[in-house]
Amino acid sequence: MPSRRTLLKGLALAAAASAVPLPAYASTTGHIPPLRQMRGMWIASVVNINWPSKPGLTADEQKAEYLAWLDVAVQRKLNSVFVQIRPTADAFWPSPFEPWSQYLTGTQGQDPGYDPLGFAVEETHKRGLAFHAWFNPYRVSMQADPAKLHPDHPGRKHPDWILPFGGKLYYNPGMPEVRKFCQDAMMDAVTRYDIDGLHFDDYFYPTNTTAFDDSAAFAEHGAGFPDLATWRRHNVDLMVQEMQQRVLESKPEIAWGISPSGIWRNKASDPLGSDTNGGQSYDNLHADTRGWVKKGWLDYIAPQLYWYIGQPPADYSKLVPWWSDVAAGTKTQLWIGQAAYKAGDPAQAAEWQAPDELSRHLTLNRDHPEIGGDIWYNANDVKVDRIGSISTAVADHYQRPALAPVLPRLAKGEPPRRPVLAYALRRHGGVEVRAVATGRDEPFVFAVFRFDRDARSGDFADARHLVAVVPGDRQVRWTDPDGGRGDHYYVVAVDRANRTSRPSNGFRVI
């Protein structure tokens, strides 16, 4: 079924969020806007899909492009970005393991003149957005000639590590030394940079075929497995389980998750599968995505449900309850990968020409409390909004700001100290609010609430009265353009794990 890999074949808070009026939908439909909701978008670098838009841009041009993507995220009221920093066994940071990415300069191994990852993380956080580092675990090259890799590339130094398939090169997942090396290469970025998450996409084994010739590795390491497919799944399981352990040991405060293709198995293949008839990650990619959730190996899973509601081979409205059932009762959060790239594309089915198709997806999600939000693919489609599909979804579902979800395993950690609201005063252009942190650590963001009365217990559990999420510092000033005489303001401090403090003192505008 179509996924990010199909698209690639064809291709060869938010920060200082402005206040918005209290939405009528909160009372007219009974829907209560959630305080916490994943609102992310993928910024892809492979073959220069999003950033940089083409190889060879100057450092300043690359920086300007990235800042423009953050502007898109803020405009669309998102709170997270997922940025591809290791697209083809290369790096968007000065890595001791793999060469500089060719998608920066046009030449693999060439220094771009700055640290793209360091820059991106810093600027993302300035806007109160979370930065999830997106890695492709096994893909080595979008072409199949090892001689075209940089002379110091691990694939040149260890030619036995790589295998050609489908016009590309891949690391061999069946070799323990390869698995460890890939983990080391990715953990280098995790440990050296202030990222908020480690993210894998849907690429594992390239396909269920013997044309991907890992027979030698199977002969050496496959003893005790009944067949090649079972051994391959075991290898991917090890990568997932071991990555979890390394994250927990090195940086337990970050999120670890995967965005697999949307179908684990069809019901015709397995009674536990979904009522679909499409490509199966379990069989085709050797990715036991359902098993990872049930075994607790992920903080979140974000299946790419890139089908419209009612699509015959794979109906979005059937996959959502299936994935919700998989996640129910586990500690793995469920976020949905949304196909922004299909909306308004004339090559897609008529259903994708409806401006409200994606908004209807999010409406359907409301019936499944296991779903904690969505990630949009890809950033360019979030920006161009071809038929108003993104702006429709934003208007229908993102009226209030939202904090990113807090991981269950981190929820019981020490929350931030209660901040002090110094004042809320009428100024030209609205009400200026000034908040001051009281704890040793400065908050990541401040959540600003506005009421027409004194707040009561429980008023801060949802976003009905949340008017802004403002990037944190020891103190912040923010102006509410819709505030006025008689309004009551409170501020909540939020840390990098999205834990919240007790509300500040209230301040009534006079």
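Predicted model: local features only at pLDDT ≥ 70, side-chain atom pairs only at ≥ 80, totals over all residues.
The domain assignment of the protein gives domain 1, spanning residues 38-398, and domain 2, spanning residues 420-509. The centres of domain 1 and domain 2, taken over C-alpha atoms, are separated by 35 Å. At the interface, nine residues of domain 1 are in contact with four residues of domain 2, and the two domains bury about 460 Å² between them, with 50% of this area on carbon and sulfur atoms. On the side of domain 1, the residues that lose the most area to domain 2 are His125, Gly128 and Asp196, which together account for 59% of what that side buries.

Polar and charged interactions between the domains were also counted. Two salt bridges are found between domain 1 and domain 2, and the count of residue pairs in polar contact, with both residues at pLDDT 80 or more, is likewise two. The side of domain 1 that touches domain 2 comprises three nonpolar, two polar and four charged residues. A salt bridge is formed by Arg496 with Asp196, in which the closest N and O atoms are 2.7 Å apart; Asp196 is also among the residues of domain 1 that lose the most area to domain 2.

The largest cavity has a volume of about 240 Å³. By class, the lining of the largest cavity is made up of 16 nonpolar, five polar and three charged residues. Because domain 1 (38-398) and domain 2 (420-509) both give residues to this lining, the largest cavity lies between them.

The largest pocket holds about 550 Å³ of space. It is lined by 27 residues, and those that lie nearest the centre of the pocket are Glu414, Pro415, Pro416, Asp441 and Asp495. The lining of the largest pocket divides by class into nine nonpolar, four polar and 14 charged residues, whereas the lining of the largest cavity has 16 nonpolar and three charged residues. Residues from both domain 1 (38-398) and domain 2 (420-509) contribute to the lining of the largest pocket, and therefore this pocket lies between the two domains.

How values were computed
Residues numbered from 1 in each chain as written. Heavy atoms only, no water. 1 Å grid on protein atoms, 1.4 Å probe; cavity = no way out; pocket = protein on both sides within 12 Å on 5 of 7 lines; lining within 4 Å. Points joined across faces, edges and corners; volume = space filled by probe spheres on them. Nonpolar A, V, L, I, M, F, W, Y, C, P; charged D, E, K, R; others polar. Domains from an automatic or database assignment. Contact = heavy atoms within 4.5 Å. Buried area = accessible area lost by both parts, 1.4 Å probe. Salt bridge = Lys/Arg side-chain N within 4 Å of Asp/Glu carboxyl O. Polar contact = N/O pair within 3.5 Å; in protein donor to acceptor, adjacent residues only side chain to side chain.
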